[in-house]
Amino acid sequence: MSGMGKILGVLSIVIALGFIIFGASLMFVIVPNMAENATLPVDFDEHNVYGGYLTKLNTATGEVERTNFTIDRRIQVIDELPDGKLLLDEDIKAVVNGTDIEIPALAKHNEYEIDELTMQLFKYEELGNDIIVEYSEDDGIQWIFPHPVDKDEDYSIYNMNTLDYSTAEYLGTEDVNGVECYVFKGGEVDYEVPIPASTAEALGSLAPDSTMMLTLWEKAWVHPLTGSIIDYAKEIDVFLYLPELPPIPEIKYPSDLVSTTGFDGDLVLFDQATASFNSFDGISAERYIEVISADEYDLTTNETVTVLTAEGAPLSMLDSAIQVVFDARDGTHTGPGRTGNYLFSPQGAGEMNYSIWDDGFGMEVNAEYIGNDNTTFTPLTANIYHIYVENETYLAGGKATLDMTYWVEPMTGIVLDVNKKVSNWREQDARRLPLDTALINKTITLNVTITAINPIDQSVTPMGIYVEQIVNCTGYTNMTYGVAMFTEQVTKYLPNGTMMAPPTVANFSVDAYTMAYVDTTRTGVFTFPIGLLNETGDVTPSYSMYNSDLGMSFPVVLFEELDMQGLQVAKYEMNLSEIPLAYADVVAILGQDPGLPGATGTYGCLYEYYVDINTGTIIDITRSVAINMVPPTYEFLYDNMDSVSVVKGELLGENITMTQTMIGSEAGEGTTLINITKTVTYDNGTDFMDPEVVEVLINTTSHEMLLPNGTGLGLYLLFPPSPNETAYPMMYSFGGVDLIGAAMKGDMTETTVDYNFSSTEVIDAEIFGMPGVGANMTLEYNFLVDRNTGMVLDVNIMVNVENNSIGLNMDLVFLSQNDPAYTAMSNAVMGWALSGVHAPVLDIGMDLYDMEAEAAVMKAKITSQLLLIADGVRPALELELSFNATTKATMLATAQGTLVQLELLPLLQGAHMMNDLLVANDNMVQHVYYKKVDTDVEVFEDVDGSVEYWADKAIESEDKIERYGVVLPTALFVLGGIGIVIGLVLIVAKGKKTEEAEE
């Protein structure tokens with residue numbers, strides 16, 4: 001037994017030692033070696049899930065847009081390669097949170113060729129973009145961290161964003177979901193990367209010279225034992241830099257624009273002289289445009305059109321010359337008088353309608369887009385625009401139909417061809433031939449007999465003269481020909497041809513349709529319009545016509561219709577009478593001042609016009625004018641009195657002159673204030689006495705002197721008209737002394753009457769050089785008075801100073817010195833005023849020269865022939881023009897050359913807009929930040945890849961290593977220890993029992 005025990009004890013110890021040795025191998029050799037040399041399983045298929053946000057510059061709106069997203073990064077082994085390499089497939093998908101919308105900018109599909117043990121990277125390929133990056137074993141570039149991880153080593157980790165590696169530096173340790181992790185961080189600043197294909201496509205030709213830069217950092221929380229990335233965060237800033245861009249050329253008409261376009265066509269024209277239609281085949285027209293000045297975008301252009309027959313003869317009636325101001329950017333009119341487009345926009349012609357100004361119609365016409373033509377102008381396509389205007393007012397008074405087509409290259413706005421058909425006629429309603437100036441321009445010569453009559457003595461002065469009236473149409477206010485400008489010159493000649501006075505010239509404008517004055521002080525019609533029929537087909541019953549004598553218009557009324565020399569003629573009359581005239585009007589009409597202030601007049605006339613009904617031509621004229629003068633009122637004569645009377649006398653051998661001035665002024669209805677100034681002087685100019693000034697208020701009806709309050713004094717200063725009283729109480733003054741007495745009637749003749757005034761007053765003889773001497777002064781007036789007017793024709797004045805006590809008796813006699821002719825005329829005027837009789841002063845008769853009347857008949861017949869076209873049976877003008885071959889070729893070549901430049905324009909404009917946006921955004925076009933989600937999310941179905949998931953994986957690995965590298969060896973160590981103890985016990989126990997037995 002003792003031997004067996006020992007054997008068992010030894011066996012137990014051996015087995016125990018085996019446990020210990022195996023446990024030590026597991027702990028120190030087998031498990032560590034297995035962990036260190038573990039390869040990536042060939043069935044590896046795992047997900048990593050990240051959450052983050054993306055901000056991106058929207059180059060269309062200029063806004064920075066933010067998107068919150070979730071990323072699934074699935075990595076799986078898809079093939080085993082020779083030499084211990086594996087081929088990994090990496091599929092990255094991103095969706096907008098809360099939706100299934102994928103984000104292409106964050107999606108990638110890559111393949112990696114790696115070492116299955118060391119995780120070293122040999123090849124990277126970005127599928128779909130043909131990007132391949134390769135490394136050798138010596139490069140030491142890692143796809144991911146190896147295991148175990150050495151914190152003292154910086155790892156070169158491949159970065160698919162930079163297509164190169166970045167250095168991951170150790171930062172320390174950090175617990176992540178119960179896992180102690182090493183923290184590594186790497187990054188790049190302003191790292192230039194290739195521009196993605198989608199961005200390069202958007203940049204076009206700018207892509208090769210543009211630069212894309214990345215600034216990024218990435219942070220990994222790595223399980224030290226397995227190299228697994230428990231958590232991961234990344235932030236990327238993407239910057240885009242465009243090359244220096246050339247300036248954007250401004251698309252506009254140049255300020256030095258010069259353009260010549262040629263047309264070929266045919267013309268049918270009505271010949272005015274023969275009233276027939278002439279055909280002109282193969283005419284040519286040239287339109288020449290030249291910019292003469294520029295004010296920013298406003299270009300002022302002269303445009304001339306010249307037309308030639310096939311033989312080269314000018315057709316000047318179709319020529320035109322205009323000046324246009326238009327916007328260089330879009331071809332629209334900016335100057336006055338025109339709206340709409342002058343030219344198509346150089347920025348292109350759209351599939352839309354355009355309003356184009358037409359000078360013939362004087363309005364905008366609609367150019368309707370009707371489609372395009374892609375065969376006629378190969379390789380170019382043309383937009384087609386059609387203008388059709390039917391039976392509209394054309395030029396002035398006419399009607400026209402326009403049929404016009406433009407073929408326009410749409411990108412450049414260049415007209416490749418044009419076809420213009422226009423027919424023009426004058427309707428009967430229009431009654432206008434405004435361009436036929438020979439029918440408007442005229443010279444009228446009138447025989448004039450003037451009889452002037454003196455209203456005072458009724459003497460008659462006859463005179464024969466002739467008047468020449470020249471009327472010329474000098475043009476039209478604008479190209480619509482609606483308003484004609486006229487110059488009228490009137491000259492009066494004596495029978496011998498001598499000009500009586502310089503011509504009078506008047507300028508005015510006339511409506512070319514109605515012949516009514518426009519924008520002038522004159523009203524009514526200048527002359528009769530062409531055609532006198534009104535809308536009802538009747539002869540127009542009246543017109544308002546200007547009367548140059550009165551400077552205003554009056555009706556000329558239809559008197560009768562009659563036949564004259566084969567023409568249907570309407571006789572119109574202007575019959576005026578008793579038209580009141582102010583004195584200034586009388587002077588203006590007479591051409592001189594008749595010297596009758598205060599007089600007024602009346603005007604009467606009878607104008608007779610014989611007018612061709614069809615053409616409005618004046619066939620004959622007779623005019624008679626009568627002017628009567630209306631005398632001034634007696635009150636007017638009082639109010640305007642301005643008389644001077646002079647008497648001369650002698651005293652003591654000295655000559656003395658007494659001058660009396662009487663000035664009348666209006667003092668209210670029926671009254672006149674008369675200012676009397678009286679001076680008495682010696683011949684040497686010294687005063688005989690102080691001057692006297694007296695104001696007297698006179699009743700103009702009773703001729704009585706009035707107090708200031710209007711009360712009559714019963715005294716007279718002047719004799720009334722038709723004096724017949726035996727005595728008139730009067731008051732006169734001399735030397736400041738008022739003397740009242742009576743003027744007593746004396747001898748009478750058929751035309752005159754004598755009145756003698758005498759009055760005596762006691763005075764101081766100081767005025768006669770004897771101061772302090774009292775005397776009687778007797779004042780006597782001897783008047784010779786007109787029996788009709790009461791006007792004093794002659795006066796003698798005597799002053800007697802007498803003092804019997806001292807023997808003083810002195811006489812001073814004044815005799816009248818008035819001009820008898822002036823007195824007689826004044827008397828005649830006053831007599832006319834008293835009579836109130838309207839006296840004729842002017843009688844004028846006028847008629848048209850016979851030869852001129854014949855010429856008027858001929859003109860009427862010619863005009864009537866021209867009006868044959870007015871019924872619209874055939875237009876007066878039929879014209880068709882198109883670009884000639886040279887112009888077509890030039891326009892086509894110009895459009896092709898311009899298109900080459902325009903093709904680059906959208907890219908350049910877009911590049912400038914993008915560059916402005918980039919600069920405003922500091923050139924950053926994208927910012928991405930993401931980090932592993934903490935716990936699994938349900939965004940992607942059956943996908944686990946959160947921090948929690950990978951932490952659990954790491955803990956599971958640690959637990960497995962703990963089980964096989966620590967727990968199991970420890971158990972074996974315990975078992976081995978127990979076995980050794982048992983073996984020792986067995987060995988020792990058997991020995992003791994033997995010894996006891998022996999004892």
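Two strands count as paired here if DSSP finds at least two bridges between them. With that in hand, let's look at this predicted model, starting with β11 and β45: the two run antiparallel and share seven bridges.

**The sheet**
- β11 and β45 sit side by side in an open sheet of twelve strands, ordered β6-β5-β4-β3-β2-β1-β45-β11-β10-β9-β8-β7, and the pairing is antiparallel.
- From one strand to the next, the twist averages 20 degrees.

**The nonpolar cores**
- The largest nonpolar core takes in 69 residues, and those with the most contacts inside it are Tyr-112, Ile-114, Phe-145, Tyr-158, Ile-230 and Leu-240.
- β11 (residues 229-241) turns up again here: this strand gives the most to the core, with seven residues.
- Apart from that core lies another one of 49 residues, with Leu-637, Tyr-638, Phe-719 and Val-801 among them.

**Ile-230 up close**
- Leaving aside residues up to four places away in sequence, Ile-230 touches Val-176, Val-179, Cys-181, Trp-221 and His-223, among others.
- Its contacts also include Lys-932, Val-947, Trp-950, Ala-951 and Ala-954.

**Asn-424, a buried polar residue**
- Asn-424 belongs to strand β20 (residues 415-425).
- Its relative accessible area is 13%, so Asn-424 counts as buried, the cut-off being under 20%.
- The Asn-424 side chain reaches the backbone oxygen of Lys-399 at 2.8 Å.

Conventions: Residues numbered from 1 in each chain as written. Predicted model: local features only at pLDDT ≥ 70, side-chain atom pairs only at ≥ 80, totals over all residues. Heavy atoms only, no water. Core = buried A, V, L, I, M, F, W, Y, C linked by side-chain atoms within 4.5 Å. Buried < 20%, exposed > 50% of the residue type's maximum accessible area, 1.4 Å probe, protein only. Helix = DSSP H or I, 4+ residues; strand = E, 2+ residues; numbered from the N terminus. Contact = heavy atoms within 4.5 Å. Polar contact = N/O pair within 3.5 Å; in protein donor to acceptor, adjacent residues only side chain to side chain. Axes fitted to C-alpha atoms, helices over the stretch in contact; angles between N-to-C directions.
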